[in-house]
Amino acid sequence: MEFTEASFREAKGTVGVIGELLTGREGANNYQPGGESWSCAFAPDESRFAWSCGFRKVVILPWNSYKNCLQKDGSQDGLGYQLFNERVSLDAAFPVTCLAFGTGTPEKDLVKRDYWTRFNHSKDLILATGHTNGRIRIWDPYTGKLLLELTDHHKPVTCLAFAPDGSLRLVSGSRDCTIKVWDMFDDGNMFKTLKEHPGSVRSVAWSPDGHYLCSTGDRQKVLIWDMDQYTLHRRLSGHYNSVLSCSFSPDGAMLATASCDTRVIVWNTATGEQLKVLAHMSPPPAVIYMSGENNSAVRGVSFSPNGCHLVTICADGLLRFWNLDQGSVDEEQQPENTGHCLDGDTLLSCCYSPGGGTVAVGHASGSVVFFQCPPFVPPLLHLSRMSVHRALGDVTSHPEILLPRSLKSYLQYKQW
């Protein structure tokens, strides 16, 4: 099936949905789907959006963080679709399973402008794509030029993540049960292999300070790695089925993991304690149901930049926004009922924009739907708590720091 040019149109009149990218065009009687969108990602400085749209195709588009939408040139094609004057299309040569942006500038130092400029002053972005043949390709996202090809995995690459500290360390997970660490400053040298997973590695995520890495996979595995020593730091036990996705909170104090057991667990990163369990079935099913095949597997999870919300995608076709203060769903959306994707279109991936205003959801048809996030102003106490964690780490683990019992519980996210 041939790929049809990427398109974007404003979605007016639908609450929550602000736009979409389609791999096919709507005809008089049918809609031609594209390939599966297993991965999509925003650049750390929110200047670009990368979209894996199937059939070896990756499209990179400019993102306007001020208007919270893709940057358009104002023109339209004959069907009313918006066109883009800075689009970069990549033919990756192999089917794409995952992708990730990397930058040589620490993410905390990136200048995220709230206005659009014609010239981008930060030209140090790179894009990595993982493939079904075990290869990883590194691209220049501004020109589409292939920079490097990394070969060491023996089975499909399932996940990629760059360190947020500007070191350009790339971590890759694979169905060959290994995690590999690559150094882009050393021409992509693979310098460490981490082996603790008995089955496929499903997802990887760096902590915001770059000191820890979470990896999840088959057989209920959730592992936290010390990325200074490249050793296993902690195992987290609590899921009853394969764990498909993970995400750290912006201050690194919490970790969310999504599993086929119909649940998301929010952990205290420092202690490994379970803070919240977000059930996607009510009432929660029995363990024998959670541990087997079911129709409520949670496929993706992403923390909001304000640290107060989670977004999840589930096999039941719902996109859920969770309020962690209440441990409940703020809002649910079913994309296939909004007219923005095919009936029965499976949700495959989700991610927040760095500014927190948008969630992008990839589908099995290859399409991506953009949702506006629920408006929310974080409490000052919560912002102070995040600042403490970012500056000092887990202060509750230092006995020399005397803290009131109620404050200690609050800093550990046991209270909201």
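User: What is pLDDT, and what does the protein chain average?

Analyst: pLDDT is the predictor's confidence in each residue, from 0 to 100. The protein chain averages 84, and 82% of the residues score at least 70. Over residues 1-15, pLDDT stays under 50, and the model has 46 contacts (heavy atoms within 4.5 Å) beyond four places in sequence for them. The pLDDT is also below 50 over residues 25-33, a stretch with 23 contacts beyond near neighbours in sequence. Where pLDDT is low, the predicted coordinates should not be read in detail.

User: How do strands form a sheet?

Analyst: Strands of a sheet pair through backbone hydrogen bonds, either parallel or antiparallel. Here, strands (E, at least two residues) and helices (H or I, at least four residues) are DSSP runs, numbered from the N terminus. Two strands pair if DSSP finds at least two bridges between them. One case is the open sheet of four strands in the order S12-S13-S14-S15, with antiparallel pairing. S12 (157-162) and S15 (189-194) stand at the edges with a single partner strand each, so one side of each is left without a neighbour in the sheet. From one strand to the next, the twist averages 25 degrees; such angles run from 0 to 180 degrees between N-to-C directions, with axes as lines fitted to C-alpha atoms (for helices, over the stretch in contact). S12 and S13 (residues 169-174) run antiparallel and are joined by five bridges, and Leu160 has Ser172 in S13 as its bridge partner.

User: In what order do the strands S20, S21, S22 and S23 stand?

Analyst: These four strands form an open sheet in the order S20-S21-S22-S23, with antiparallel pairing. Strands S20 (243-248) and S23 (274-279) are at the edges; each has a single partner strand, so one side of each lacks a neighbour in the sheet. The twist averages 15 degrees from one strand to the next. S22 (residues 263-268) is joined to S23 by five antiparallel bridges, and Arg263 stands opposite Ala279.

User: Which residues of S29 are on each side of the strand?

Analyst: In a regular strand the side chains alternate between the two faces of the sheet. In S29 (residues 358-363), Thr358, Ala360 and Gly362 lie on one side and Val359, Val361 and His363 on the other. Buried means under 20% relative accessible area, exposed over 50%, and partly exposed in between (1.4 Å probe, protein chains only). Six of the six residues of S29 are buried, so the strand is largely enclosed by the rest of the structure. His363 has 0% relative accessibility, and its side chain reaches the backbone oxygen of Val361 at 3.2 Å.

User: Which strands pair with S29?

Analyst: S28 (residues 347-352) pairs with S29 in the antiparallel sense over five bridges, and Cys351 has Ala360 as its bridge partner. The hairpin of S28 and S29 has five residues between the strands, with Gly356 at a positive phi near 85 degrees. S30 (residues 368-372) is also joined to S29 by five antiparallel bridges; Thr358 stands opposite Gln372, and Val359 has Phe371 as its bridge partner. The hairpin of S29 and S30 has four residues between them, and Gly366 in the turn has a positive phi of about 95 degrees.

User: How many residues of S30 are buried, and how many bridges join S2 to S30?

Analyst: Four of the five residues of S30 are buried. Four bridges join S2 (residues 17-22) to S30, and the two run antiparallel; Gly19 stands opposite Phe370.

User: Which UniProt annotation covers residues 377-416?

Analyst: The unreviewed UniProt entry gives "domain: SOCS box" for residues 377-416; such annotations may be inferred rather than shown by experiment, and positions are given in the numbering used here, with feature names shortened. In the model, this stretch is 50% helix and 0% strand, and its end C-alpha atoms are 14 Å apart.

How values were computed
Residues numbered from 1 in each chain as written. Predicted model: local features only at pLDDT ≥ 70, side-chain atom pairs only at ≥ 80, totals over all residues. Heavy atoms only, no water. Polar contact = N/O pair within 3.5 Å; in protein donor to acceptor, adjacent residues only side chain to side chain.
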